Structure formats: C-alpha cells, structure tokens
Amino acid sequence: MKPINPMTLTLFLLAVLTIGGCQTTNSADPSGNLYEQLGKRSGIADIVEDLLYLIVEDDRINDHFAGIDVKEFHTNLTDQLCNVSGGPCTYTGRNMRESHADMNITDTEFNALAENLILAMEENGVPSSAQNRLIERLVPMYPDIRNL
Amino acid sequence: MRLLALTIVAGCLTLPAVASADVGSRLWATGGVTSIEGSAGGGLSPWALLNGYASDEEWGGTVTLSRAVTDDYSLDVTGAGLTWQNRVELTFARQTLDLDSLVFPLSNAGLDEDELTQDIWGLKLRLIGDVLYSPWGQWSAGFQYKKNREYAVPEFVQSQDETGTDFYASGSKLFFAAIAGRNLLVNGTVRATKANQGGLLGFGGDKNDSYEAMAEGSVSLFLTRQWLVGVEYRQKPDNLGFAKEEDWWDVFIAWVPDRRVSVTAAYVDLGEVADIADLGNQKGAYLSVQASF
Ligand code: HEM
C-alpha cells in the first residue's frame, strides 16, 4: 500500500477549514438571516406541520401528544420558532418549564423530538447550517423542558 | 396450530421493522465510532461518548471491523460493545498486529512469532452531562484491561508485564453552528498507562515501569450530519530501551448515513514502531466499518 502524502492531507484539511472560516465571515449571521433561511413564518408553519405528522407516527413520544389542541400547539410552536429565529412574531404560549414539567420528559423523548424536528427541516429543504443555528438556540431550553 | 403459524408469520413480518426501530434514540453520530481499543471514540483515542445510540431508556450496541495498513505492518481489530441507558459502556476488542517485515530479524533472535496480539476489555461510565445539551459537555471515565495473547516478543524487548490496565477520563462537547454554521466536536482525554504501543508490546519496560499520564485529543467538524472530518492526536509513553516509542496522530473522515452503519477512513502516522530493523515511520491507511443495533 502506498501511503498518502501527509502534506496533501494537511492541505485538504486546511482547505476544508478555511472555506468554512470564510463562510462564517460572509454570512455573519444577523438573526434575520436565519428567519429567512427557515422560509419566514409560512416556511416555519410548514416545518411545524411536518413535525406534527412525524410526532404522530413516532411511538416513542406520540402518547404525550394525544388529546392536545393541535391548532393551538401549531400556532404557538410556529410563533416560538419564528421569534427564536429572529422573526417578527410574538410567542403567546406558556413558558417551557410550565408547559412541559408535568410530562416528565426523558432524554429518549427529547432526542426523539429533536430528531423529528431535524427531519422536518430536511423535508422542507432547510440548509444544514440553518438547522444547526436554530438548534443552537433551542438547546438552552433543554433543562426547562426536562424539568431538571 | 393455525394460530401458532399465524403468530410465527406475524412475528417474521414485524421482525425487520422492530430491528430497525430498535437502534437507540440518540442523534446521529453521537456514539462516535469504535476506536482500535474497542471503546467508543475516534480511531485512536476514547471519547466521552458511549457507543451505539442507547438513550436513557434503552440498550444499544455495536460490532466493528477495522484495519490499519502502514508501511511495514498491518493491524486488524474486531470489536463489540454494549451500552446501557447511555450510562455504562462495556467493550471488547481483539487486536492482531502482523509482523511480516520483522520476521527475519526476529527469527535471527530465536523468535518465530509473526504477530503480536492482545485482548482488551473496556468499561466506561458517563459521569455527567450530555455532549449536545450540556453547556459544559459530557464527561466520562473508564478503564481498559489488556492482556497479551502471545508474550514472547514483548518479553524479549524487556516489557515487564503481559497484562495492564489503562485508566482514563474524557470530555466531549459539540459546539452547534461553530464554523460556517457547521457543528464542531471537541474531545480531550487523559490516560494513565504503562502500555507499550498500546499494549501490543506489553506493559512497563526496562526504561520505565510506572504509570504515566498521557494527553489525547481530537477536533472534528460535521460537514453535514452524515459526514465528519477531523484530526486526532495521542501522546505515548516511552518505556522500552530497545526502540523509541512515538506519539500517534491521524486525520479522518467518517460517513454516518444513518444510525445502523458508519464507515471511517483515516490517514494514520504511528511514528516509529518497534524499529529494530530501521523500518522508519509507520504511516498508512485506516479503514473501519461499524454496525449498530
Ligand atoms: C426544544 C424542544 C421543545 C420545544 C422548543 C417545545 C416547544 C413547545 C411549545 C412552544 C409548546 C406550546 C406551549 C403552549 O401552548 O403553552 C409546547 C407544548 C407541548 N410540548 Fe413541547 N417543546 C419541546 C420539546 C418537547 C418534547 C421533547 C416533548 C415530548 C416528547 C414535548 C411535548 C409537548 C406537548 C405534549 C405539548 C402540548 C402541551 C399542552 O398543550 O398541554 N415538547 N412545546
């Protein structure tokens, strides 16, 4: 086996990281940008709708959602994601600890929901950099949602 | 009887669906891959992540085949691991290093071995935190109990023991959208060890026979959620007088199409390994295929 030249690989890796670096500075991420990449409020509403379909199919978590007011949940979650991503929406639902405390949500269930959200964003063609940025802003809610 | 037949048919029909749903709930690639010592990690070093995808209500596991081919040696590893509730990871790995390039000098010394081989049992405990959700990351501690299956060569080069245990502590943290909106995974490990070449040349030596702390680390970037590129470094002790032992490093690319499989390819530099015949630095390719259940 002929070994790969380490120089070539170092250059390749540097290139990958540098390209990454340049993009960061270009898209210096004003919050409005993320909101637009999610497709504004109507794009977010579509993502939340697809998320709901995925939740209903998902035996790991669908019990929790049995009997909820779907329309209200859809409106509130859409407003929340719109607001969190820097859009012009006001969230009028309850706070995260209050609305989730009684459910004793486990790590497994939290992961399941995170997975479904990512899949819903993928279905709606959200670029992975925007997905990651939205999740970055939701992760601080983890202790509230799990009521830790 | 009809009922029994129906049950069996139904069982067969549902089996594949159940099997695929059974892969745990943690998000893609959060089990890392299988290191050459069996523990979840990168290729050369354990990470704080536990193998497979078991979340807090689940079981999970992995089986892995890996091969590194350097200028003069080849290392084969078969590994398996089980994780309980993202809390405890139990692993086993068997390593076999082929010594073809050394057979002649070894036989001159009256040794007719053509391989070095050892078994490694590993236990890792997640102490605190979650790699994705905790601001301070995920922290784990573990040990690797290693036993040489053939001890003639290690003994000949003045290794002091055919078994040894490495103890380590690791921290892993994913930074969301860190570079160009891409996620960055950082791992650090400190290992107390007496192992020579990871243990393949036994434990302790004529030059040093006490535990030393070694630093290991890696940085990797998720290009997408399926592709990960990174670099890894592992500091090594230098216990044997017959040849200098050097640090290891690699650059890798891993492909995680879904939870069930991952493929990792790397360029590895193992430094000079057991260089009694002027073989020079051992550089080459590494390939690892892992299945999770
Ligand atoms: C980052 C993750 C999460 C976010 C951002 C989030 C957000 C929300 C929001 C905005 C609401 C509406 C609250 C209201 O109407 O007052 C809600 C309700 C709800 N959430 Fe979550 N949630 C998350 C995780 C979870 C998880 C993991 C589960 C369970 C598996 C879950 C189950 C529910 C249920 C069942 C409701 C409806 C409660 C009700 O109407 O009584 N959520 N969530």
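A salt bridge is taken here as a side-chain nitrogen of Lys or Arg within 4 Å of a carboxyl oxygen of Asp or Glu. The views below come from a predicted model, in which local features need pLDDT of at least 70 and side-chain atom pairs count only at pLDDT 80 or more, while totals for chains, interfaces and linings use all residues. Residues are numbered from 1 along each chain as its sequence is written, chains are lettered from A and ligands numbered from 1 in the order in which they are written, and side-chain values use heavy atoms, with hydrogens and water left out.

**View 1. A:Arg60 and its salt bridge with A:Glu115.** The closest N and O atoms of A:Arg60 and A:Glu115 are 3.3 Å apart. A:Arg60 lies in the loop between α3 (40-57) and α4 (62-65) of chain A, whereas A:Glu115 belongs to helix α7 (residues 107-123) of that chain, so the pair ties together parts that are 55 residues apart in sequence. Helices are DSSP runs of H or I with at least four residues, strands are runs of E with at least two, and both are numbered from the N terminus. A:Glu115 counts as buried at 9% relative accessibility, where buried means under 20% relative accessible area, exposed over 50%, and partly exposed in between (1.4 Å probe, protein chains only).

**View 2. A:Asp58 and A:Arg60.** A:Arg60 also forms a salt bridge with A:Asp58, and here the closest N and O atoms are 3.0 Å apart. A:Asp58 is buried because its relative accessibility is 9%, whereas A:Arg60, at 28%, counts as partly exposed.

View 3. B:Arg225 is buried, with a relative accessible area of 19%, while A:Glu122 is partly exposed at 33% relative accessibility.

**View 4. A salt-bridge network in chain B.** Salt bridges link B:Glu37, B:Lys146, B:Asp166, B:Arg191, B:Glu216 and B:Arg234 in a network. Over all chains, the structure holds 23 salt bridges.

**View 5. The disulfide of A:Cys82 and A:Cys89.** The sulfur atoms of these two residues are 1.8 Å apart, a disulfide being a pair of cysteine sulfur atoms within 2.5 Å. The link is right-handed, with 70° about the S-S bond, and both A:Cys82 and A:Cys89 are buried. A search of the whole structure finds one disulfide over all chains.
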